[in-house]
Amino acid sequence: MRVARTIFLALSVTSAAVSLTGCHLFHRRAAPQPAKPKVAAPVVRPPMAALDLTKVSPNEAGMVPILEYHDLVSTNKTKGYQYPAAAFRKDIQWLYDHKYRPISLHDYVLGEIDCPAGMSPVILTFDDALKGQFRYTPDGKVDPNCAVGILDDFHAKHPDWALKGSFFVLTNGDPHLPPPFYQADTAQGKMEYLVREGFEIGNHTVHHQLGMRHWPDVRVQQEFAQAVTNIHTFLPSYVVDTLALPDGVFPQNKKLVIGGASGGVTYHNICALKAGAEPAISPMSIRFKPYYIPRIIPGTGRDTIQFWLNFLEKNKGSKFVSDGDPNTYTLNAIQKSQLSLPRLQKGHFHLRTYNGTQVIDSK
Ligand SMILES: [Zn+2]
């Protein structure tokens, strides 16, 4: 199981103190729930990495598309949440050819964009643990036409396309729901496989009910906490701290998406993802709201993946282009006002601005 780098900011972690409108909370998965640092060690970031501005023009104030997939199917028609596996394969190839590389949702929320210089980050997400996402064939192999099979194959052919993506799973905590990925006998192995490969698992509630906006606080917390417990039946030490709200529906008490407790189980989320909208923004943008992160759905109409990826190609200035250094934000000097300097300072990130091939400021 992946145990990520442990970088904590020097701040006391109390979920009540966290605002919904700013990314005040940075923590990494490192220990089983519910262990959380009360006071963490300060961040020590390595020096800024060298950059050749004659070769790349980073824009780390730009937008980051977060793609929201549901089921992949063998037919050629996009219908509701069903998307052709062939179209998904095409999407990945298109992203690769247009210099996108996948990053983890955690890294994005923490602001540590780990993407080669000159490349653009993209985040893949998969909701509901549907059968077309991860399926075994009768002879026990990963189906080459499910999302995991397609990504495994693509990674084998293109090692610089990392196996990264977030699965917001439903488990059979609700007896009316099928097991994760619809194959009961292999559900355990699939959950372990995903984490071992480098994918992330997130909270998508237990019952996937849209009436949450009318629920009392007790019931909302029960729903989020129970989903964590259910994931722990498969992955006992996994830190479940990302949330995708079914259909983007918030509870009335929005603070409950950040953290809460029920039945002796506490939960804490570093972010909450909405459903279909537009590309997300730079995590250091002054407008970044970690508990209102938008995603884009597949399809061909307005506000779909195709629409927004084309938009970012036509409007290159809007697209996040990496400097290759997860500890540094590099951008054109005229865009400096778009980034939150307090958040950069709090995260101990370096900042470099430039004009043409000339560095203007670097610290
Ligand atoms: Zn869903």
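**Core**

I began with the largest nonpolar core, which has 86 residues, and those with the most contacts inside it are I123 and A147. I took a nonpolar core as a set of buried Ala, Val, Leu, Ile, Met, Phe, Trp, Tyr and Cys residues joined through C-beta atoms within 7 Å. Helix 5 gives the most to this core, with seven residues. I note that the structure is a predicted model, in which local features need pLDDT of at least 70, side-chain atom pairs count only at pLDDT 80 or more, and totals for chains, interfaces and linings use all residues. Numbering starts from 1 along each chain as its sequence is written.

For A147 I listed the residues that it touches, leaving out those up to four places away in sequence: Y69, L72, F88, F126, G132, Q133 and F134. Contact here requires C-beta atoms, placed from the backbone, that lie within 7 Å. In soluble globular proteins, nonpolar side chains tend to be buried together.

**Whole chain**

I recorded seven helices and 14 strands; helices (H or I, at least four residues) and strands (E, at least two) are DSSP runs, numbered from the N terminus. Of the 363 residues in the protein, 44% are buried. The classes are: buried if 20 or more other C-beta atoms lie within 10 Å of the residue's own, exposed if 12 or fewer, and partly exposed in between, with C-beta atoms placed from the backbone. Among contacts with a separation of 6 or more, 67% come from residues 24 or more positions apart.

**Helix 4**

Next I looked up which residues of helix 4 are buried, and found A187, K190, M191 and L194. They lie on the same side of helix 4, because they cover an arc of only 100° around the axis; the arc is that of the directions from the helix axis to the C-beta atoms. An α-helix has 3.6 residues a turn, so residues three or four places apart point the same way. The buried residues of helix 4 pack against strand 6, strand 7 and helix 5. Just after helix 4, G198 takes a positive phi of about 115°.

Most residues other than glycine have a negative phi. I noted F181, with phi near 65°, in the loop between strand 6 (166-169) and helix 4 (187-197). F181 is buried, with 27 other C-beta atoms within 10 Å. H208 has phi near 55° and is found in the loop between strand 7 (200-203) and helix 5 (217-234). H208 counts as partly exposed, because it has 16 C-beta neighbours inside 10 Å.

**Sheet 12-13-14**

I then followed the open sheet of three strands, in the order 12-13-14, with mixed pairing. The edge strands, strand 12 and strand 14, each pair on one side only. Neighbouring strands of this sheet are turned by 25° against each other on average, direction ignored. Two strands pair if DSSP finds at least two bridges between them.

Strand 12 (residues 328-332) and strand 13 (residues 350-355) run parallel and are joined by five bridges. T328 has H350 as its bridge partner in strand 13, and L331 has T353. With helix 7 (residues 341-346), strand 12 and strand 13 make a right-handed β-α-β unit. Right-handed means that, with the strands pointing away from the viewer, the path from the first strand over the helix to the second runs clockwise.

Strand 13 and strand 14 (residues 358-362) pair antiparallel over four bridges; the bridge partner of Y354 in strand 14 is V359. Their hairpin has two residues between the strands, and G356 takes a positive phi near 65° there.

Notes
Contact = placed C-beta atoms within 7 Å. Axes fitted to C-alpha atoms, helices over the stretch in contact; angles between N-to-C directions.
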